[in-house]
Amino acid sequence: MTVPTPPSPQHGRSPHDPSRQGSGQSGTSPSGAAARGDAHAGPYDPWAAPPSDAKADPLPDEEAGGALSGRAEIRDLLLVLVALTLAGGLLGLLWWRLAPPVEYISDGANALLRNTEAEDTFAVDGTFALLALGLGVLSGLVAFLVRRSGGVGLVLGLAVGAVLGSVAGWRLGVLLGPGQDLAARAVEAGRGGTFDAPLQLGSVVVLLAWPLAAVATHLLLLGFLGPRDPEPQPEPFPQWAPPPRA
């Protein structure tokens, strides 16, 4: 009688035994999932911010927008600067035509003021100041209507351009007015003769009337009628999302 031999441990285990699959290539151990940094290895947090692999770089659109804005500011500065400097010619012409004459009387060799109270001298400065104020209000209004958004370049152009325009108008008025050599003109007029004094400003402070009026007018219009920044909107409350299925 033959006794049956029990199977060996190597041959008694089935090739489909689940215990063999844990160490195969197709199996996945918990330590392997943790080593690979599985996003769902830990507990799900619906309030957590999305992961960021790298620090966000500045967007190219933002850099391009900043460069375009800088070029626009320089362009506005130059355009307003040139326009107001050329407008100074209009100021000089108006001052030359509208300023009241200051009369001198000749004693044959020297020129003396005919009106010793010198009211006409103040009237010449006042005429220049009033004309400059009017041009300042007009230039500030035009600048606001053309560029309602304002800008640093526009304000600087108004300030510097109005100063240059005032100086240009002053020098043009002096050039168009009577001659500056009073002694020669007194000799030419003869004893007892009268002639008009050259155009001149008693105080150079009036040269600031145009820039002050231009900047003030523009800023006031920009403050009352300019565009408003949008009001900040409240952030939406985050909604709860169910965890993904395993």
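## Packing of helices α5 and α7

In this predicted model, the axes of α5 (residues 152-176) and α7 (residues 209-225) approach within 8 Å and cross at roughly 155°; helices are DSSP runs of H or I with at least four residues, numbered from the N terminus. Axes are lines fitted to C-alpha atoms over the stretch in contact, and angles run from 0 to 180 degrees between N-to-C directions. The two helices are therefore roughly antiparallel (an angle over 145 degrees). The crossing of α5 past α7 is right-handed, the near helix being turned clockwise from the far one by less than a right angle.

Contact (heavy atoms within 4.5 Å) involves Leu154, Val155, Leu158, Ala159, Ala162, Val163, Gly165 and Ser166 on α5, and Trp210, Pro211, Ala214, Val215, His218 and Leu219 on α7. This contact comprises 11 nonpolar, 3 polar and no charged residues; Ala, Val, Leu, Ile, Met, Phe, Trp, Tyr, Cys and Pro count as nonpolar, Asp, Glu, Lys and Arg as charged, and the others, Gly among them, as polar.

## Largest pocket

The largest pocket has a volume of about 340 Å³. A pocket is an open set of points on a 1 Å grid where a 1.4 Å probe fits, with protein on both sides within 12 Å along at least five of seven lines; lining residues have an atom within 4 Å of a point. The volume is the space filled by probe spheres set on the points.

Of its 18 lining residues, Val80, Ala83, Ser139, Val142 and Ala143 are the closest to the centre. α3 provides the largest share of the lining, 8 residues. By class, the lining has 14 nonpolar, 1 polar and 3 charged residues.

## Second largest pocket

The second largest pocket has a volume of about 230 Å³. Among the 17 residues lining this pocket, Pro100, Val102, Ala197, Pro198 and Leu199 are the closest to its centre. Its lining divides into 12 nonpolar, 3 polar and 2 charged residues.

## Basis of the values

Residues are numbered from 1 along each chain as its sequence is written, and side-chain values use heavy atoms, without hydrogens and water. As the model is predicted, local features need pLDDT of at least 70 and side-chain atom pairs count only at pLDDT 80 or more, whereas totals for chains, interfaces and linings use all residues.

Definitions and conventions: Angles under 35 degrees count as roughly parallel, over 145 as roughly antiparallel, 65 to 115 as roughly perpendicular and the rest as oblique.
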